[in-house]
Structures are given as structure tokens and as C-alpha cells.
Amino acid sequence: MSAKIKKYAGERIKTADLRAGKVPVVRWRPKVRYAWSTGIAMSRFLKELKNGKIIARKCHKCNRIVVPPRMYCEMCFRPTDEWVYVKDSGIINTYSISYLAADATRTDKPTVVAVIEIDGASKGIGIVHIIGEAKPKDVTFGMKVKAVWKPPKERTGAITDIKYFKPVEV
Amino acid sequence: MLREVAVVGLGCTGCRPTTPGLSYKEIMFEAATRAFEDAGVDPRCDIDNFITCAEDYWEGFSIFDEFVPDQLGAVLRQLFTVTADGLFGLATAYMLIRTGEFDTVAVEAHSKASDILTFADIVAFALDPIFNRPLGGHPFYIAGLEMNRYLHETGASREACAHVVAKNRKNALSNAYAAHGANITVEDVLESEQLFYPLSRLDISPLADGCMVLVLASDKVAGKLTDTPIWVRGVGWNSDTPWLETRDWGRSVDTELAAKMAYKVAGIRNPQKEIDLAEIDDRFSYKELQNLEALQLCRRGEAGKLTEEGATERDGSIPINPSGGLLGVGYTLEASGLQKALEIVLQLRGEAGKRQVPDAETGLAQVWRGIPTASGAVAILSNRSRGAT
């Protein structure tokens, strides 16, 4: 409302009206499918995951080692220079405990999602993954974690070839 | 006084029917690197604003905007997306620079059409969900509807449309960045299978992957960056109603009005005399004829005859689509208009190689946003600045 308009014309639609089908709707399910070319950088990254390894790219100008890898350095705007294997361990930069599933339903078993700074990559650079084998209340900043891989035969060349990262006993 | 705006750099990947070895990010990096090299600028400090032109459904991402900065050199810089053809992006860049707040703007558009598995379904998804989608069928029947009415009203022949295809596919043979150059005859086109009467298979421009980047600059810096600035003399754009039920099917009214706007900005009174060559929308063969008329490059009903007489050939009186157009270069989704502008810039620089149109001073680029839209944009470019004429 505003100083000029005190009341809007019309009738308020009630939830009951919607449920009773009094408000017409049209439904449509689009058929949208894609097959993204993963390109040079992501193809190699996915292939290495299948081998149980994490690979990064290094820029010789800023000397950053970035993972997931890309063929260009976004800070220097030039091609990156070499492939570098990094470790499958790291430390937790930040985390969240998610009590909702992707469809927004509540779950009894919360998921801990974390940004993990990967050992061997430059500081502040890492990958997003799930934390497992840990009680959510025990997860902390700087916690050391290590990848738990699927058995080689089950790997498909996907980020989920790593099942989750688990805390490392120090 | 408002600033003048010039294109000072261009980069292109080359268009290909498919690009399985590279990601969309990698083709964008390739085109952007070439454009910044051509303009002699470092995007990390010399570009005041970046514009990317993309439509989420072509990309397969919601909010595709977020995936753009890295490969353009735009991280932690000024960037936004224009959800339209690249020519709308060029018009936006033109306006930004004319405000006096920006000296250099980069415009990017690309196609990774080969990543789309359900192209026709995505086009159908753009139709009205209540009145049109339930009727089913491949949405390109809309081009058949328009072509039929256009031919009916103007008397242009089916053969004239086939001439457009033969000419553009042949022109593309002299263009290293074209994906679909071919030596085909008018008969080949007429004999190709009917798909959406009166439209046949070869009347439809095939899809292509590719990326184009243009760098624009104000008159304040253009002279420092290049010896061959190509001035943007005018831009225009327009949209007709989305109602298929009430459109003027015989003409492209939005193109007529977009052209009027661009001509007014450019101070062009007699387009036939003042435009030396044009890259115009030929998504479907008949569109080139319809657009020639909408752009006032010939009188209504004359385009077919002029085409059959050879006036629109590269060495004709008004060369149209010397690059090969969308029929020959390939339809690169939102990059289509930018490809047309890029070709005009190459021609006006005198860098078009085997397909160079001699002595061209002023060129026009025009694009339609494709089925089912009735939206389009026009840009007028010249190697002579406003002050010089």
C-alpha cells in the first residue's frame, strides 16, 4: 500500500481455493538435456580421479597451484603451465551442517559439507566435498581430513569417486 | 558532446559443427585472448567493463552469468550479462561508453550448441504454454508460416530463397572461420527434403559452435590502441508482440523499426546509397530477402529479383553476407549477431582476405533472435568517424 492507495481491488486467493482446483494452472515438463564437453582441464581431472589421484594446474606467473585445474589462470589471464599432482588430504576451511535434503525435506542424518584446502595446492584453494566418519559436532576449522575413495572398479571419473573426506587422527 | 565509440579489437575461435575436445570455458578463453591481443590491452587492468551475452537454456545452467568471469579476464572486475544476442551486447557497450564513465568495454558471445541434446525441445519451451505448445510439432513450423506469407505477399520466388543459400554457402568457402562452406546449387536446395513447407532442409542454417569477442573503446583512447578504429555509428533494437496469432507475418516489423532507430542515430538518410555492404540475418534463407527489405536496402518485393540477378553477391552492387552468413558460417546462437559485426569490422579494416569487398566505408550488421521471437538489433559501422564525413 502507499499514501495514495489504501486498498487493492480484488479477492484474496485462499489455500483452500488452490487445493480445490478453483485456480486454473497449466503444467509442463520441459525436455532439456545436455552433454557438456569437459574439455582439456576437466577431462584430465576426472580421469585422474578414476586413478585415485587429484591433479592441479600451476601458473608460472603467480606460482599458484589451482585445483580443480583449469587451462588458464583467472588472476593472470594467461594459460596455466604444468600439471601437478596434489595430495588427497587437506584441512577444513569452512563447513556447514545441512539438515535438509536437495528436495528440502528434513533428514535425521545431517550432511556435513566442507571446503577442503588440498595439501599441495596453494593456500585457500581446494575442493568442496562431504565429511564422513565424523560427528557433526566434532567438525572444526583447520581439521585435517583425507579422502575415502570408492573401490577402483566402482569409479566412473566423477567427483563422487571420492566417497567423502574423513578426519585424520593426528 | 557525446563521445564516439569504435571497435578496436576482435577475436574469434572459428566456428565448428562440434567442439568435443574443448569446454565452453576453453573456447571463450581462446576468443578472448585473441581479442585482447588484437586490441593490445590487458583485460586485468585495461577493460572498464565486460558484457557477456548468454541465454541460460542454451548453456544448461541457471544463472549462467556466474560462470563467465575467469575465462574473460573479468575476475573481481565489472561484468554483467545481457540475455540476448551479442549485437544487443554491442549496443549496450556503445551506450556505456557514450555515458563518458567507461573508456573500454569487451563484449562476448558464444555457442556450444553441440552440448545441447534436445535443441528442438528447448526452442519449443520458448513457445506460449497455453496456446501453442500443446499443439506439438517441431517449432520450426513458425519459419514455414513466415516464409509462406512473405513469398505470398511479395511475389518473391522459392528459387530466390535457394539462391541465398547457394550464395552464402559458397561465400563461406573463402572464410576460414566458417563451419559450413559448400558448393551447392539452387537445384540442390530446391530438391532437399521439404521440412516445413515451403521451407526445405537446406534453407535452414546449421548450428555451429564458436565464440566471438569484440573490444570497444571511446574516441579518447581508440586512437592510442589502433590505427584502424571501426566506428560504431548507430545502433537500434526492437521487439514485436510475442503473439504468433497477431504478428505481421509478411514482414519483419521489428527489424524495420530497429533499422530506423540505427539510421537515425547514424544520420543515414539514404541506406541504399550510404551502406556499402551488410551482414544480415539469414537464419532461414527467406529471412535474408525479408531483412534486405526491412533494412531499406531495397524496395519491398525487390529482394528476390535482386538476389537472382546477383546484386547481393560479393562483387554485386550491395554485397550481403560475404562471410557466408549463418547459412555458411553456422548458426552460433547468441553469437550470431556478434559474428556479423565481427565480419563487418574485418571488411572495413580491409582484413577480410579472399572475401574482401573493395572500397567499403560503411557496413551494417543485423540479427534476429530466432524462433519464436520477433526481436532484433542493428548496428552500423564505418571506417570513417562522424567528424570525417
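Helices (H or I, at least four residues) and strands (E, at least two) are DSSP runs, numbered from the N terminus. The model is predicted: local features need pLDDT of at least 70, side-chain atom pairs count only at pLDDT 80 or more, and totals for chains, interfaces and linings use all residues. Residues are numbered from 1 along each chain as its sequence is written, chains are lettered from A and ligands numbered from 1 in the order in which they are written, and side-chain values use heavy atoms, with hydrogens and water left out.

**Exercise 1.** Determine whether A:Glu133 and B:Leu333 are buried or exposed.

*Solution.* 
1. Buried means under 20% relative accessible area, exposed over 50%, and partly exposed in between (1.4 Å probe, protein chains only).
2. A:Glu133, not a glycine, has a positive phi of about 55°. Its loop connects β8 (126-131) and β9 (144-149) of chain A. With a relative accessible area of 55%, A:Glu133 is exposed.
3. B:Leu333, also not a glycine, has a positive phi of about 50°. This residue lies in the loop between α15 (325-329) and α16 (336-349) of chain B. Its relative accessibility is 3%, so B:Leu333 counts as buried.

**Exercise 2.** Describe the surroundings of B:Tyr177.

*Solution.* 
1. B:Tyr177 sits in the loop between α8 (158-172) and α9 (186-191) of chain B.
2. B:Tyr177 counts as buried because its relative accessibility is 9%.
3. Leaving aside residues up to four places away in sequence, B:Tyr177 touches (heavy atoms within 4.5 Å) several residues, including B:Cys12, B:Cys15, B:Gln339, B:Leu342 and B:Arg355.
4. By contrast, 25 Å separates the C-alpha atoms of B:Tyr177 and B:Thr81, which are 96 residues apart along the chain.
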